[in-house]
Each structure stands twice: as C-alpha cells, then as structure tokens.
Amino acid sequence: MENVEEIRLAGLASVAAAASPESLREVRSSLLGAKGVVPRLFKELASAPAAERKVLGQVVNELKVQWEAAIAERQQALADAVAVLPGGFDVTQPGRAPAAGGLHPIVQVMYDLNDAFRSLNFEVFDGPEISSELFDFDRLNFPPDHPARESMDTYWLEGYAGRRGGDRLCLRPHLTGASVRYMLSHPPPFRFVYPGRVYRNESTDAGHERAFFQYEALIVDKRVPFSAGKVMVNTVLETVFGRQVKTRLRTGFFPFVEPGFEIDMQCLGCDGAGCSICKRVGWLEVMPGGPPHPNVLRAGGLDPAAWEGFYVNVGLDRLVMMRYGINDVRLFHGADLRFLSQFK
C-alpha cells in the first residue's frame, strides 16, 4: 500500500504498451483478474490500521476505475487501428456472402434427363458441333434435292462452298447425324442419348433462336417394340414435368425414320380441355420420333433386316419453357443474371 502511486503508473504503462487485443487481455487479467493486483491490494487492507482503511479503500477503488477506463480506451484504439486497412477495407462491417453460381435451367433439365436415362442403362453420347453434309443429310436419307437441306437454314462454313458430302462442313442443324457417328464407332445393340446445342440461320422471335438445345434418344436392338419408344417419350416428359403426362402419336414424315410420328403431349395448362396455349385443341406437339429408316441403319453399318430401333428428338428449350411458364425463348440465351438467378 505504500507504493500505490508507483503501482498505478506501472499499470497504466502496461496497458499503453499492449500491442494487440490478446496482450491487452493478459494485462487486464494481471491487473483486475482474480489473482491480479487490485484483489491483492484489497486483501492488504485487512492488515492496515482501522482509521486508514476507508481512505486506502477509496485509493484502491480509484486505481481500479482508472485502470478499467485505460483498458477500455486502449481496446477501442486497437480496434480502430485494425478496422480500416489500406484500401478502405473496414473489417468491422458485416461480411457479404460470395455470389453463388448455378446451372442454367436448360442445362439443369438436360442433366436431369441424363440421370433418368442412365438409370435405364442408356449411355450419354456427345457429338461434334461442327459436322458435315455427309452426316447431317446424306446418311440420314435426305435425297440430294430434298428441300429440307435448305429449309433447315443450315450455317455452312465459309470456304466450303461448292463441296459435297464430308467435305462440306457446317454447324450441326440437328443432333440426329450423331446417331450414325455413334453406330459406326460402337458395336450393337445401342441404347444412348445425345444432348447438345444446334444452330440454324433463322429469324429470332419468342419461339425461335439461332442456337438452341435438342435432346435425342435412340435404342437399337434385334427387336424393339413400340412400347420401348413409349417408355423413352414418357421418361423425357415425366423427368421434365415431374409427373405423368398423357401422350399420343400421329403419323408424320421425317426422312430418317420409317414410319415417322409427331409425338404430342396433353396440354398441362388446361389438362386437355383446350386453351390459348394449345390453340384450343388440348394437345401440344413436342417431338418427332419413330424407328430409324433402313437407309440410316445401313449408313451406320447395320443390316436393317437384323436390327430395328426407335428415335425421339426433343426440342429441349421449349420443354423447359413449358416447365417454368416462360413465354420467350430468348430469355434463356440473353445472359441476364436477373432472369437466370431465379433458377438456382
């Protein structure tokens, strides 16, 4: 008690010398903690003369208050010193979570379909986006003068004008040519799907884009009943819409299938009653399909007398539009994060 002033100054000096919050906590414990200086001084008061205890008690209390104030001031000074780093970064501000990316809605549905078909023992195949007239027309049974060679609005690569067949390159206008590529490089039987982007030189509007996604599936075996094709169609639609969807097959012409079918689904907007979405007929055309034409099987190196199969070709963008109620396909390809972030 005889050296209270020296003790006070020494305590203030140790507080001022604390260079970090951790060292300041150690100083506080040594001065004010259960085994610190202040409790020890209060214990010494018991041996002081009774007449001096009150005065000495006030001195120790004042010492405690000074140290507490000095510690609080030093704590704030240390916080201020690290709060604003070079560049104006304020560590005391609440953190901001990094922006999390997400899959594009069309890609997500594509992955869902891949998983569904893998569960049916299908392989996922990926063909090249730069193809040729040979694979996309010649080997798919398109005659040389067939109007579809022009109506596909194909992007032909510059520098290949006047060439024919495999020497005339293009951006693939559809995925079906990849089926022949697969058949030529794999032994039968086949059970595979091939999703991807295709390209057509056409005017864009709410229902059309120059680059869009298709999803095809093909099964080839010694015996492929129509029920196998029905399973593929139902797998696609149930995966996309999350419930069973009624379908029907109408005859239609496509050079690469024989016979060919237009495959319709019952409108989900009106459950078949008729509405503006389905133009009051209760049905929506969603995909073509049918058994591969014998000439396509021959192009793939197979004997059509021994092998048969079933195709389906899905316009994936339009199915995703129906799934989410989107009325303009261009929104999917506009890279507007305000739109795309809704599908995370």
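Visitor: Which residues in helix 11 do V236, L237, T239, V240 and F241 in helix 9 meet?

Guide: This is a predicted model. In it, five named residues of helix 9 take part: V236, L237, T239, V240 and F241. By class, the contact of the two helices has six nonpolar, one polar and one charged residues. The partners in helix 11 are L319, M322 and R323.

Visitor: Are helix 9 and helix 11 parallel, perpendicular or oblique to each other?

Guide: The axes of helix 9 (residues 226-241) and helix 11 (residues 316-324) come within 9 Å. They cross at roughly 40 degrees, and the crossing is right-handed. Angles under 35 degrees would count as roughly parallel, and 65 to 115 as roughly perpendicular. The two helices are therefore oblique.

Visitor: How many aromatic pairs are there, and what kind is the pair of F125 and Y182?

Guide: The count comes to 19 aromatic pairs. For F125 and Y182, the ring centres are 5.1 Å apart and the planes stand at 85 degrees. Planes over 60 degrees apart count as edge-to-face, so this pair is edge-to-face.

Visitor: How far apart in sequence are the parts that F125 and Y182 tie together?

Guide: F125 lies in the loop between strand 3 (123-124) and strand 4 (130-132). Y182 lies in helix 8 (residues 177-185). Both residues are buried. The parts they tie together are 57 residues apart.

Visitor: Is F343 buried or exposed?

Guide: F343 lies in the segment after helix 12 (337-340) and pairs with Y324 in helix 11. Y324 is partly exposed, at 33% relative accessible area. Buried means under 20%. F343 has 18% relative accessibility, so it counts as buried.

Terms used:
Residues numbered from 1 in each chain as written. Predicted model: local features only at pLDDT ≥ 70, side-chain atom pairs only at ≥ 80, totals over all residues. Heavy atoms only, no water. Axes fitted to C-alpha atoms, helices over the stretch in contact; angles between N-to-C directions. Helix = DSSP H or I, 4+ residues; strand = E, 2+ residues; numbered from the N terminus. Parallel < 35°, antiparallel > 145°, perpendicular 65-115°, else oblique. Left-handed = near helix turned anticlockwise from the far one by under 90°. Contact = heavy atoms within 4.5 Å. Nonpolar A, V, L, I, M, F, W, Y, C, P; charged D, E, K, R; others polar. Phe/Tyr/Trp six-rings, centres within 6.5 Å; stacked < 30°, edge-to-face > 60°. Buried < 20%, exposed > 50% of the residue type's maximum accessible area, 1.4 Å probe, protein only.
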